[in-house]
Amino acid sequence: MSNTEYDVIVVGSGMSGAYAAKEFCEKGYKTLVLERGEMVKHRQYKTEGKAPWQMPFRGDVPEEFKAEQHIQKEVYIYNDYTRHHLINDKDHPYEQKRPFIWYRSATVGGKSLIWGRQSYRWSKLDFESNKLDGNGIDWPVRYEDIEPWYDRVEPFVGISGSYEGLEVLPDGKFLPALPLNVVERDMKKKIEKTFPDRHFIPARVAHLTQPQKQHLELGRVQCQARSECPRGCSFGAYYSSNSAALPAAERTGNMTLVANAQVQEVLYDHASGRATGVAYVDMRSGERKQVSARTVFMCASTLASVQILLNSKSETFPEGIGNRFDVLGRYVMDHCGGGGASGMVPGYLEDYYKGRRPGGVYIPRFRNINSKHGKFERGYGFQCGASRAGWHWAKTGKGIGKAFKEKVSQPGNWYFTMWGFGESLPRYENRIYLHPSKKDKWGMPLLVTDVAYGENESAMVRDMSDTAVEMLEAAGLQNIRRFEGEAPPGGAIHEMGGACMGHSVETSYLNKWNQCHDVKNLFVTDGAAFSSVSCVNPSITFMAFTARAVDYADQQMQQGLI
Amino acid sequence: MNRRRFLINISAALGYGALVNDAAALDAALAFSGKPSGFLGPDELEFVSQVSDIIIPKSDTPSASQAGVPAYIDFYLSEFLESKARNSFVEGLRELCNESIQEFLRLSEEHKTELIQSLDDRLGSSDESTVYKQLKELIVIGYYTSQVGATQALRYDPVPGPYKEIKLAEVGRAWL
């Protein structure tokens with residue numbers, strides 16, 4: 001068992017991978033992290049701190065870059081400050097049998113460098129829903145199983161939030177919450193009075209509002225409210241692999257991190273029934289390499305982990321390692337969204353703020369909890385916030401001369417905007433698979449996406465818009481604008497599923513420890529493992545499952561079982 | 001071939017396959033110097049300069065031309081726009097002043113302002129001038145994202161420190 005090059009190989013350095021590496025390294029395991037993206041070291045962020053006049057086109061991206069990034073250019077953070085953190089789509093094609101927007105990172109740290117940073121625990125209901133309404137496969141895990149691992153992960157990440165005591169959105173281990181502003185405080189009163197089942201609370205975000213010892217030891221300090229997060233933050237004020245988990249792994253001396261390494265397959269030995277390591281391509285030289293380890297953790301991102309596993313073919317597993325029952329690639333999901341509303345808040349014209357607050361308001365799920373809605377299963381939450389209009393209106397607005405200039409120099413009215421994120425249903429037919437012949441320039445078979453929303457999601461998105469308008473009306477807003485645009489799956493960038501956890505090898509890929517049913521030293525701990533999607537942002541839950549799986553793998557290795 | 005295209009071709013020739021990841025080197029080579037690149041002729045540049053100052057004149061803070069907006073627009077046309085879009089924009093500039101930029105430059109200040117006001121009034125209507133709309137947008141962006149515009153006409157704080165609520169009077173102007 002000990003004649004391997006490494007104890008553990010972790011594929012991917014994003015939200016899950018870097019945290020797996022940290023945990024293994026701290027337990028003394030020699031850990032190899034293989035990352036497809038370019039190296040980006042903490043504090044070596046190319047565009048951080050640049051003022052617009054220091055950018056060639058003031059943040060605008062020339063057409064030829066957009067042509068290279070024809071998918072990535074639609075992501076909400078895409079601009080000239082951030083585009084190098086996203087992949088070149090021409091080099092990384094995939095086939096959309098049905099439309100799926102696949103946003104992907106181009107760097108070490110993965111999407112942790114560019115994420116939205118909203119961090120919520122899943123609830124009891126989230127883990128029970130598949131069983132209760134019969135969609136998808138029953139989770140082999142309940143909230144009580146994962147709760148201690150949230151307790152472990154959250155203090156390391158550093159999450160600001162308020163203690164609310166809500167069953168639908170369990171409290172965690174929080175740093176002080178970001179404050180609601182004056183408009184939001186007043187709206188909270190009105191909305192909670194009119195709709196007693198709806199809670200209007202500060203967004204819970206992975207920003208250090210009051211750094212603790214373990215943050216300061218890694219050089220992470222208080223959030224400076226620059227709102228430049230996706231460029232990278234040398235303050236380490238929001239959580240990223242680059243600022244926190246990778247440096248924590250690095251300082252143990254047990255981590256080897258290789259960038260520009262495209263992992264193509266997990267290697268399997270029939271005689272021992274074990275994964276023996278992985279094969280990867282050095283994307284710079286084109287050289288193919290193999291490395292061995294006792295245990296393999298797949299954290300390459302939801303779709304990429306499944307793609308690699310499907311491509312890990314052997315005589316035993318011709319359809320991909322551990323995939324005897326065509327479960328791999330099934331039940332791919334994303335949050336459905338596009339529903340919401342915005343409106344103008346009259347008054348408060350003397351009130352303003354200093355700093356660009358990194359999170360606003362969250363309204364947790366209120367549908368299908370104590371009563372059935374009737375038109376759809378499950379529910380949605382809203383991410384919201386109030387702020388004052390700035391100078392941008394002037395780009396297309398009317399006016400010339402001194403009066404125009406004077407008007408632009410003053411903040412405009414307050415506006416409140418709310419966006420829904422809904423729990424889509426797990427469906428067996430929503431799947432990803434490998435293209436039979438097409439490969440990328442490094443020889444990796446292309447992924448085909450065959451995933452779509454159904455009537456449940458459409459009905460939910462319509463309801464999001466209805467309830468958003470109803471709440472803004474109750475709060476006395478004016479010029480209310482209803483949003484109702486259904487984005488294709490992938491658009492919420494919360495893709496999950498494909499290598500789901502479940503009770504049996506016939507129906508699921510992983511057991512309750514994120515361990516492949518058929519290959520005991522192979523684990524998947526990114527979003528691919530998820531059997532449903534809740535309606536809250538998933539990253540912190542990826543990390544909690546990763547911490548739990550590492551703990552289990554450690555015990556199994558100590559006992560010589562894997 | 002514009003300078004940006006040239007640089008991209010060079011980077012490809014040198015074997016830097018991942019164009020996107022080479023963006024920083026390209027950006028460094030492309031930093032706006034503050035001086036006109038010479039794409040617009042003297043009259044065109046003067047025209048853009050006068051329109052800029054009619055839309056954003058000097059008040060207690062500098063005007064658009066004082067903030068380098070005409071040179072930025074010249075740079076943007078030369079380095080950002082693809083040739084087709086660039087040529088149609090320059091064609092459009094002539095249409096704005098009824099075929100002759102020189103004629104526009106000879107008009108009285110009042111007359112120039114009236115002309116721009118009438119173009120501005122049509123914004124958002126069915127007969128809005130596309131090129132005026134585009135020019136105004138460039139002027140507004142060029143000004144408020146310039147160092148002068150961002151720090152004098154607006155308030156700019158790159159490191160605000162912890163978020164807090166304040167009264168508008170404490171800062172007096174909108175943040176960039």
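Modeller: The second largest cavity has a volume of about 60 Å³. A cavity here is a set of points on a 1 Å grid over the protein atoms alone where a 1.4 Å probe fits but cannot get out, and lining residues have an atom within 4 Å of a point. Grid points are joined across faces, edges and corners, and the volume is the space filled by probe spheres set on the points. Its lining consists of A:S123, A:L125, A:D126, A:V168, A:L169, A:P364, A:R365, A:S534, A:C535 and A:V536. By class, six of these residues are nonpolar, two polar and two charged; Ala, Val, Leu, Ile, Met, Phe, Trp, Tyr, Cys and Pro count as nonpolar, Asp, Glu, Lys and Arg as charged, and the others, Gly among them, as polar.

This is a predicted model, in which local features need pLDDT of at least 70 and side-chain atom pairs count only at pLDDT 80 or more, while totals for chains, interfaces and linings use all residues. Residues are numbered from 1 along each chain as its sequence is written, chains are lettered from A and ligands numbered from 1 in the order in which they are written, and side-chain values use heavy atoms, with hydrogens and water left out. The model scores ipTM 0.93 and pTM 0.95.

The search of the whole structure finds four cavities of 30 Å³ or more.

Elsewhere in chain A, helix α8 (residues 302-310) is largely enclosed by the rest of the structure, because nine of its nine residues are buried. Buried means under 20% relative accessible area with a 1.4 Å probe, protein chains only, and helices are DSSP runs of H or I of at least four residues, strands runs of E of at least two, numbered from the N terminus. Among the buried residues of α8(A) are A:T302, A:Q307 and A:L310.

As for chain B, ten helices and one strand are present, and 49% of its 176 residues count as buried. Chain B averages a pLDDT, the predictor's confidence in each residue from 0 to 100, of 86, and 82% of the residues score at least 70. Over residues 10-21 of chain B the pLDDT is below 50. Where pLDDT is low, the predicted coordinates should not be read in detail.

Key. Buried < 20%, exposed > 50% of the residue type's maximum accessible area, 1.4 Å probe, protein only. 1 Å grid on protein atoms, 1.4 Å probe; cavity = no way out; pocket = protein on both sides within 12 Å on 5 of 7 lines; lining within 4 Å. Contact = heavy atoms within 4.5 Å.
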